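Good morning, and thank you for making time on the agenda. I would like to take you through one structure. Please look at the sequence and the model together as I speak.

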Amino acid sequence: MTPLLLSQFTASSCIGLGVKAMLTTLIEQRSGLKPCDFETVNIDTHIGEVPGVDAQRLPAKLQIFDCRNNRLAELALQQDGFLESVQAAASRFGSRRVGVFVGTSTAGILQTELAYRARDPESGALPTSFEYGTTHNTFSVADYVRQRCRLQGPAVAHSSACASSAKVFGSAQRMIQAGLIDAALVGGTDSLCLTTLYGFHSLQLSSPAPCRPFDVARDGISIGEAAAFALLERLPGNLDAGSVLLLGVGESSDAYHMSAPHPEGLGAKRAMLAALSAASLEPGGIDYINLHGTGTPSNDRSESQAVTGIFGPSTPCSSTKGATGHTLGAAGALEAIISALSIKNGLMPGGVHTTRIDPALTALYIKENRRAPVRRVLSNSFGFGGTNCSLIFGAAG
Amino acid sequence: MKLSAYLGGIGVLGPGLSNWPQAAAVLTGRQPYVPAATVLPTPALLPAAERRRTGRVVKVALGVALEATSNAGADAAQVASVFASSGSDGHVCHEICQALALPTREVSPTRFSNSVHNVAAGYWSIATGSQAPSSVLCAFDASFAAGLLESLTQTCVDGRAVLLVAYDTEYPPPLYFKRPIPDALGVAMVFTPEKTMGALARIEATLTDEACDLMADPQLEALRLAIPAARALPLLRRLAAGASGRAILDYLDVSRIAVQIESCS
């Protein structure tokens, strides 16, 4: 594929609002996970909650979108001068030439969960104040972002479970290459809700402890929330040497099971190979792999097999979910931004909370930060339904 | 780059629409439109254990996807797929929200796995053994048009066959009253970059400011407005007529999609 420039990016998660705070937390190898105290949830688990979401307000004319998920999107858009950069791109290209591609798994379903608690005892009706289309519907966050940024190009939400906001990079890249748009606002937003907290608990996939990807005693995920966005455009003539580029996107399906990965990671392997092929790179061209690394026994086992099957046992890799939690539909975009920070700052972030690496996992999992030039990063995102997406980012210079 | 592709096969299922040949007869006026509850097929391709777990959203999506790939003579395991829907499984969502409103908060693990927006895409991959990429989209009422754009860009940029599956099902009450989709409806199409044997038409899509086409039959127009995937009806009507022409489809508040159709027959 033709490489694209990430001309601006931002992310907000439990390890910080904006990229500066996130980088500091990664450098200090801290985690944002805490015992679950979300809403009325009564589960023995840890969560990654973004500070200040409930206090965030939406602009008056977009009040119909008001819900935790869109508040989180708004909070994230305000960091790192991202809104200003989007406006500059819209003036440069024309608002109809900038597309919007946002990944989410549950959007604002929390609104509906709360509305079901407030049903009319006689009729069973939901409260009249409850708005479905602009809060719960999967498109609501993409629609909020496009209206907030006054963009008029093609707009869509991707909802492929935990691969959602990695897949947006593929869609945006194709639409730019087809010439339908000149730039794309891509990203992902997923916020804490009862459906995912109780749902993963019912599948016995969430850990009571902070998640420990690749640990011999790993026992599940910690759910987090995040919003992360990037602006993608064609490479300008005068490319700054410090710029980060999207080099490759690889996608595949497992054809195996709705909620369990292929045991040998065949689908994951296909996605990584497709991304390498799109980027015209050999496995040796990747300096660091940001793993999907959820911390469930089965994900880490199959991903490790897939990684070593392609890269062998000596490419450093880690999961940043011990720090951020698994941010589900926002994970692809969040980890894309972490990949960009890794390249810009020569940082391979060590996986926090992991103490004893599972000897059965042969990939080179790093627990301590490594500081070294990072030219290219591969980032994995896999989801329920057996959907896989790998992204490759690289330094311009 | 022109957003153009050959259309190899179509699948349709909805209220009073039982398959593409019958829908084509209705859309060309050769048969009257008789609204009736959508009859959903059992997804025979799925292993029995999986089949038991599938809801209406999977049945309608797999039903039209199979009809389209079969009509196109396409290998279902090889085509990339784009699933576009304005919601996930409304009944599963209702059951989960209801369970979460009770003090016990017992969510069924199978229901939770089936609650994802990409549930139909997941079962399609399992049913056909397809390891090809699958994109799962939502653009509320504009979901069909968004899926069409994604399918055509994939066909043109990646140079491969792409299956578009657009579908919606109803929410039960009380959500039904907030999102009144009356029944299930699905539309599937197979696009290829090169002309195939039996290709129906070559189509080309562009964004436009023009107003979208309406259906002349008031009941079909009501259907077009009631179920997001039925926003495809003006395009299906043109294709059913088998002649070249143009269809303007509903999309976002700021734009529509114009589809130029050149018949291959």
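What radius of gyration would a compact globule with 265 residues have, and what does chain B have? The globule figure is near 18 Å and chain B has 18 Å, so the two agree. The radius of gyration here is taken over C-alpha atoms, and the globule rule is 2.2 Å times the number of residues to the power 0.38.

Before going on, a word on conventions. This is a predicted model, in which local features need pLDDT of at least 70 and side-chain atom pairs count only at pLDDT 80 or more, while totals for chains, interfaces and linings use all residues. Residues are numbered from 1 along each chain as its sequence is written, and chains are lettered from A and ligands numbered from 1 in the order in which they are written.

Let me stay with chain B. Along the principal axes, its C-alpha atoms fill a box of roughly 60 × 40 × 35 Å. Chain B contains nine helices and eight strands; helices (H or I, at least four residues) and strands (E, at least two) are DSSP runs, numbered from the N terminus. Of its 265 residues, 62% are buried. A residue is buried if 20 or more other C-beta atoms lie within 10 Å of its own, exposed if 12 or fewer, and partly exposed in between, with C-beta atoms placed from the backbone. Helix α6(B) is mostly covered, with ten of its ten residues buried; among them are Tyr123(B), Trp124(B) and Ile126(B). After α6(B) comes Gly129(B), with a positive phi near 75°.

I turn to the interface. How many residues does each chain bring to the contact? Chain B supplies 50 residues and chain A 53 residues; two residues are in contact if their C-beta atoms, placed from the backbone, lie within 7 Å. On the side of chain B that touches chain A, the largest share, seven residues, comes from α7(B). By class, that side has 30 nonpolar, 16 polar and four charged residues. Here Ala, Val, Leu, Ile, Met, Phe, Trp, Tyr, Cys and Pro count as nonpolar, Asp, Glu, Lys and Arg as charged, and the others, Gly among them, as polar.

Strand β6 (residues 155-158) of chain A runs antiparallel to β3(B), joined by two bridges, and two strands pair if DSSP finds at least two bridges between them. His158(A) stands opposite Leu137(B) in this arrangement.

Within chain A, consider strand β10 (residues 244-253). Ten of its ten residues are buried, so β10(A) is largely enclosed by the rest of the structure. Strand β1 (residues 4-13) of chain A is antiparallel to β10(A) over two bridges, and Leu5(A) stands opposite Leu245(A). With strand β17 (residues 387-395) of chain A, β10(A) pairs in the antiparallel sense over nine bridges; Gly250(A) has Ser390(A) as its bridge partner there.

Finally, the core. Which residues have the most contacts inside the largest nonpolar core? They are Ile337(A) and Ala61(B), in a core of 238 residues. A nonpolar core is a set of buried Ala, Val, Leu, Ile, Met, Phe, Trp, Tyr and Cys residues joined through C-beta atoms within 7 Å. Helix α3 (residues 56-72) of chain B gives the most to this core, ten residues. Leaving aside neighbours within four places in sequence, Ile337(A) is in contact with Phe9(A), Ala11(A), Val19(A), Ala228(A) and Ala230(A).
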